Amino acid sequence: MNDASAGNAPATAVPALRVEGLDAFYGRAQALHQVSLDVAPGEIATLVGRNGAGKTTLLRCVMGLHRHATGSISLAGRTVDRLPAHRRARLGLGHVPDDRGIYAGLSVEEHLAFPYSDPAHGWSLERVHDTFPVLAERRRTPAAKLSGGEQQLLALARVLRMGSRIMLCDEPTEGLAPVMVRRIGDVLREAKRHGVTVLLVEQNLRFAVTVADRHHLLDGGRVVETLDNSAVKDREHELLDRLGL
Ligand code: ATP
């Protein structure tokens, strides 16, 4: 079960994101079983687990794209269970889905011209270009002509530009070359430096320990353990075996 001693945020801090007792279904098949977790403000937390563990379903429930059957989700102490995804976005939630959500025919700069969901926190174009120089170079390129890694960077840049304070990132490193995986890590650390909170789905445990503070291990739709980064590093071989990664 959850290891409450594993680097949890102080009890007094209101979590940026709190999930409590979530059950979720597809038809009669249950995908999530009583999932509870907190993500502290400014923390990078991962959801780690094998295919089918429920990671994407959990992100989609948090974003409001899949309805949970029981339980509750709150952002900075505010319950959002009844809010549709666009209202959650206005409260600072940004989603980078596994298919990246990129529009093939729009250019890089058109993606970055999407309206702010939070004008107070939206990154300036200058900051976006400093963090993602390749997007400045490719500003007039249609997204369809970007490499997979560049598309992923664009998907991350878009939510930061829109002002998301909590990013839900679904396997941003999947299928990318090592150099691009490192670049994604740099971007996540840079976002954290600017106070952004991240909940990251990641099957690549070796990458996860380079960016994250804590890890929630999912198996069979349940959070089976929550570990801080050093515990995952110490137990890496055992966890890779156990989670079939
Ligand atoms: P992956 O890395 O393969 O995406 P995951 O950990 O993100 O895995 P989910 O995609 O959340 O897992 O799937 C959790 C469970 O829900 C699995 O048993 C999966 O088969 C099932 N599931 C996911 N999407 C659907 C769907 N649209 N219809 C029916 N069942 C689904």
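Gln34 is found in strand 2 (residues 29-39), where strands (E, at least two residues) and helices (H or I, at least four) are DSSP runs numbered from the N terminus. Phi of Gln34 is near 50°, a positive value in a residue other than glycine. Most residues other than glycine have a negative phi.

A quick word on what we're looking at: this is a predicted model, with local features needing pLDDT of at least 70 and side-chain atom pairs counting only at pLDDT 80 or more, while totals for chains, interfaces and linings use all residues. Residues are numbered from 1 along each chain as its sequence is written, and side-chain values use heavy atoms, leaving out hydrogens and water.

Arg100 sits in the loop between strand 6 and helix 3 (108-111). At 15% relative accessibility, Arg100 counts as buried (buried is under 20% relative accessible area, exposed over 50%, partly exposed in between, with a 1.4 Å probe and protein chains only).

Now for the ligand. Its shell is made up of Tyr26, Ala31, Arg50, Asn51, Gly52, Ala53, Gly54, Lys55, Thr56, Thr57, Glu171 and Gln203, where a residue is near a molecule if one of its heavy atoms lies within 4 Å of it. By class, that shell has 3 nonpolar, 6 polar and 3 charged residues. For the classes, Ala, Val, Leu, Ile, Met, Phe, Trp, Tyr, Cys and Pro count as nonpolar, Asp, Glu, Lys and Arg as charged, and the others, Gly among them, as polar. Helix 1 (residues 55-63) supplies the largest share of the shell, 3 residues.

| Residue | Polar atom from | Distance to a ligand oxygen |
|---|---|---|
| Lys55 | side chain | 2.7 Å |
| Thr56 | backbone | 2.8 Å |
| Thr57 | side chain | 2.5 Å |

Taken alone, the ligand exposes 620 Å², and the protein buries 55% of that; the areas come from the Shrake-Rupley method with a 1.4 Å probe.

Helix 1 itself is mostly covered, with 7 of its 9 residues buried. Lys55 and Thr57 are among them, along with Leu58, Leu59, Cys61, Val62 and Met63. Just after helix 1, Gly64 takes a positive phi of about 90°. His68 counts as buried, because its relative accessibility is 12%. The side chain of His68 reaches the backbone oxygen of Gly71 at 3.5 Å.

On to the lining of the largest pocket. It takes in 20 residues, and Met63, Ala89, His95, Arg158 and Met162 lie nearest the pocket's centre. A pocket here is an open set of points on a 1 Å grid over the protein atoms alone, where a 1.4 Å probe fits, with protein on both sides within 12 Å along at least five of seven lines; lining residues have an atom within 4 Å of a point. Helix 2 gives the most to that lining, with 4 residues. Sorted by class, the lining has 12 nonpolar, 6 polar and 2 charged residues.

Conventions:
A polar contact is a pair of N or O atoms within 3.5 Å; within protein, one must be able to donate a hydrogen and the other to accept it, and residues adjacent in sequence count only if both atoms are side-chain atoms.
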